[in-house]
Amino acid sequence: MGPLAASGFLTAFASDAVELDDFDAVVRLHWPAVFRFALASVRDRDAAETLTQDCFLHAWRGRGKFRAESTVKTWIMRIAVNLVRDHARNRRLQFWKRATAGALDIQTAGERLADERISSEARIIREERIRAVWNVSGSLPEKQRTAFLLRFVEDMELLEIAAAMGLREGTVKVHLFRAVQAVRERLGGAQ
Amino acid sequence: MSGHLSSREISEWASGTRPPEAENHLHKCGECREELIRLHGALSDFRDSLRNWSAAESPAPRPIWRTESPHRTHRLRWALVAMAMLVLLAIPVYRARERPRPVDTSAEDTVLLEQIDANVSRTVPATMEPLTGLVSWSSTSPAASGKSLPKR
């Protein structure tokens with residue numbers, strides 16, 4: 001038995017394959033991450049919902065092809081990444097993207113983080129930082145934004161991100177580096 | 001490593017590239033560590049706010065995949081194929097039925113030919129036949145015998 005099997009790595013993938021049998025449970029488990037990724041990428045609630053539904057419909061139709069070469073989460077996120085990319089490339093929808101660009105704002109989300117233990121000044125600073133990161137992530141090129149969201153919002157490992165994006169780990173690192181540099185410049189940390 | 005981590009090294013560290021020299025430096029240098037903690041804090045706040053916001057915006061999943069049973073899809077597909085085959089088979093049969101059949105006119109032809117034969121074999125046209133009763137066309141007729149017809 002190899003080290004991977006001994007560490008339970010392969011066992012985890014095998015259990016993922018079984019997990020697909022209960023597709024409703026798969027949806028319940030991964031729906032929030034897919035919707036969140038779609039929402040942060042396209043910044044349109046209705047489009048994000050449609051993309052999320054499409055993602056799980058694709059997963060349902062393609063579940064027979066799932067070979068447990070990655071986790072179910074990585075597999076589903078790969079579908080989501082492709083759908084979001086196709087959505088962004090759809091020029092017809094670009095019009096709606098522009099039209100609704102101002103509709104969604106993360107400010108309300110910052111307000112939801114209101115913590116009674118911190119001062120109102122500290123809260124304002126935090127909300128400004130959140131808004132700055134939100135704005136920067138929206139202006140990043142597609143691959144940088146995708147890598148950034150998967151890493152820092154979905155907490156995915158570099159190898160998982162590489163599998164989800166269909167890229168090599170080194171390429172993911174480059175995209176992440178550029179995204180982080182842009183965020184730091186906006187936050188005033190990068191000279 | 002002298003001084004502090006460069007801006008590039010800090011971004012690389014945050015992106016997942018973590019060489020041992022940088023790690024050693026971060027153990028010793030509070031300023032660089034502070035910079036990374038500040039960045040990490042901003043990214044964590046961003047993640048938490050996005051998660052909260054998304055959770056509030058997220059609609060309940062509509063299980064549209066349940067309406068698409070693979071067995072039912074296969075059955076429908078086979079039904080469509082069977083229907084197409086039936087239509088393809090029915091077309092030549094329908095065309096063959098619709099084609100005008102040759103009418104059997106042999107009996108009518110026979111009657112017509114008999115009529116033609118009868119007409120051809122007449123010694124006088126049919127319209128003149130009543131006259132034949134008045135006039136004898138035999139060799140004993142007055143004209144034939146050189147006798148004149150009686151005067152009226």
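Modeller: Happy to! Two residues are in contact if their C-beta atoms, placed from the backbone, lie within 7 Å. Helices (H or I, at least four residues) are DSSP runs, numbered from the N terminus. This is a predicted model, where local features need pLDDT of at least 70, side-chain atom pairs count only at pLDDT 80 or more, and totals for chains, interfaces and linings use all residues. Residues are numbered from 1 along each chain as its sequence is written, and chains are lettered from A in the order in which they are written.

Our pair is H8(A), residues 120-139, and H11(A), residues 169-187. Their axes, lines fitted to C-alpha atoms over the stretch in contact, with angles from 0 to 180 degrees between N-to-C directions, come within 9 Å and cross at roughly 140°. H8(A) and H11(A) are therefore oblique to each other, the class left over once angles under 35, over 145 and from 65 to 115 degrees are set aside.

From H8(A), A:Arg129, A:Ala132, A:Val133 and A:Val136 meet A:Ala182, A:Val183, A:Arg186 and A:Leu187 of H11(A). Six residues of this contact are nonpolar, two are charged and none is polar. Here Ala, Val, Leu, Ile, Met, Phe, Trp, Tyr, Cys and Pro count as nonpolar, Asp, Glu, Lys and Arg as charged, and the others, Gly among them, as polar.

Methods:
Helix = DSSP H or I, 4+ residues; strand = E, 2+ residues; numbered from the N terminus.
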